[in-house]
Amino acid sequence: MSRTPIIAGNWKLNMNPKETVEFVNAVKDQLPDPSKVESVICAPAVDLDALLKAAEGSNLHVGAENCYWENSGAFTGETSPAVLKEMGVQYVIIGHSERRDYFHETDEDINKKAKAIFANGLTPILCCGESLEIREAGKEKEWVVSQIKADLEGLTSEQVSKLVIAYEPIWAIGTGKTASSDQAEEMCKTIRETVKDLYNEETAENVRIQYGGSVKPANIKELMAKPNIDGGLVGGASLVPDSYLALVNYQD
Ligand SMILES: O=C(CO)COP(=O)(O)O
C-alpha cells in the first residue's frame, strides 16, 4: 500500500495572521518528512498569505477552508481557486458539515467546487458524514454513499486517485465524542468500496481517506492503525503547536 498518511488541521474561524506566524515558527522544524506523513494546515483565507510565507521551505503544506467554483467575476465575497493556486496553496476543504449546515451548501455546489479545484491544479479535501439522527436510524452508510456519489459526479478516475476524502460524523465534531476506531474504519472502508464501485480498484487504492471528529494526540495512533484510515482532519487539537506536533509525529 503506497498511500502517504495525511494529517490536516482545519483551523475553522480561528487564528489571525500574527498567531499564524507564531504557530508556524513553533512547529516548522519538527514536522515529519512529507514522504512519511504529510502535514497540512487549512486556514481562513485572510491568514493564507501569512501562512504560506511563514511555511516557505518547511515541510508544512497549506490548504484553504473553502473556495468558489468560478475563478473570477461578479461574486462578491468569494475566494477564487485560481488565485489560491497562484499563491501556492495545495489543498481546499469542501463540503464540511459546517458549510453544508450553516451556509446551505448542496452536493451540487460541492461537485462544482471539486471540478473547479481540480481544473486549477489544486486538491480537494472532500468532507462527508452523517448526523446523529441518521446514525441512530442506522442509515449512515447509505447517507455517506449518496453524498460521495453526488459529490464525485463527472470526476475522472485520475482526479479521484489524487483526492482526499474526510469522513466526519457530525456527532463527533467538537463534541469530544470520537467515533470508535472500529466505527471510523467501517465507514472509511465503505467509502473506499464506493470509490471502487464508481471507478475501479486502482482508484480506490489510491484515494486517501481521513477520519475527522475529536481527533487528539491520545487517539490518533489507534485510528491510524486501521487499514482504511489514511489520515485525520483535525479541528480543535490543530490549534496548539504541541498537540499539532504530537498528531503529525504519531509514528514516533
Ligand atoms: O470538523 C472537524 C475538522 O474538520 C473536527 O473538529 P474537532 O477536531 O474540533 O472535533
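Author: Buried means under 20% relative accessible area, exposed means over 50%, and partly exposed lies in between (1.4 Å probe, protein chains only). Helices (H or I, at least four residues) and strands (E, at least two) are DSSP runs, numbered from the N terminus. In helix α12, residues 241-248, the residues Ser243, Tyr244, Leu245, Leu247 and Val248 are buried. The model is predicted: local features need pLDDT of at least 70, side-chain atom pairs count only at pLDDT 80 or more, and totals for chains, interfaces and linings use all residues. Residues are numbered from 1 along each chain as its sequence is written, and side-chain values use heavy atoms, without hydrogens or water.

Reader: What do the buried residues of α12 pack against?

Author: They pack against the strands β1, β2 (38-43), β3 and β8 (231-234). They also pack against the helices α1 (17-27) and α11. Contact here means heavy atoms within 4.5 Å.

Reader: Why is Asp151 called buried?

Author: Its relative accessible area is 1%. The cut-off is under 20%, so Asp151 is buried. Asp151 is found in helix α7, residues 140-152. Not counting residues up to four places away in sequence, Asp151 touches Arg100, Asp107, Ile110, Asn111, Ala114, Leu126 and Cys127.

Reader: What makes the link between the side chains of Asp151 and Arg100 a polar contact?

Author: A polar contact is a pair of N or O atoms within 3.5 Å; within protein, one must be able to donate a hydrogen and the other to accept it, and residues adjacent in sequence count only if both atoms are side-chain atoms. The Asp151 and Arg100 side chains make theirs at 2.9 Å.

Reader: Why is Trp69 called partly exposed?

Author: The value for Trp69 is 22%. Trp69 sits in the loop between β3 (60-64) and α3 (81-87). Leaving aside neighbours within four places in sequence, Trp69 is in contact with Asp109, Lys112, Lys113 and Ala116.

Reader: How do you know that the residues under the UniProt annotation "binding site" gather at one spot?

Author: The record lists Asn10, Trp11, Lys12, Gly174, Ser214, Gly235 and Gly236. They span 227 residues in sequence, yet no two of their C-alpha atoms are more than 13.9 Å apart, so they gather at one spot. From this set, Asn10 and Lys12 are in the lining of the largest pocket. UniProt annotations may be inferred rather than shown by experiment. A pocket is an open set of points on a 1 Å grid over the protein atoms alone where a 1.4 Å probe fits, with protein on both sides within 12 Å along at least five of seven lines; lining residues have an atom within 4 Å of a point.

Reader: What makes Asn10 buried?

Author: Asn10 has a relative accessible area of 6%, which counts as buried because it is under 20%. Asn10 lies in strand β1, residues 6-10. Beyond four places in sequence, its contacts include Cys42, Glu65, Ile93 and His96. A polar atom of the Asn10 side chain is 3.0 Å from the backbone nitrogen of Lys12.

Reader: Which residues are closest to the ligand?

Author: Lys12, His96, Glu168, Gly174 and Ser214 are the closest, and 13 residues surround the ligand. A residue is near a molecule if one of its heavy atoms lies within 4 Å of it. A polar side-chain atom of Glu168 is 2.9 Å from a ligand oxygen atom. For a backbone N or O atom of Gly174, the distance to a ligand oxygen is 2.7 Å. For one of Gly235, it is 2.9 Å. The protein covers 94% of the 310 Å² of accessible area that the ligand has on its own. Such areas come from the Shrake-Rupley method with a 1.4 Å probe.

Reader: Why does Ser214 count as buried?

Author: Its relative accessibility is 11%, and the limit is under 20%, so Ser214 counts as buried. Ser214 is in the loop between β7 (208-212) and α11 (217-224). The Ser214 side chain reaches the backbone oxygen of Ala172 at 2.8 Å.

Reader: What is the phi of Ser214?

Author: Phi of Ser214 is positive, about 60°, although Ser214 is not a glycine. Most residues other than glycine have a negative phi. Met15 also has a positive phi, near 80°. Met15 lies in the loop between β1 and α1. At 21%, Met15 is partly exposed.
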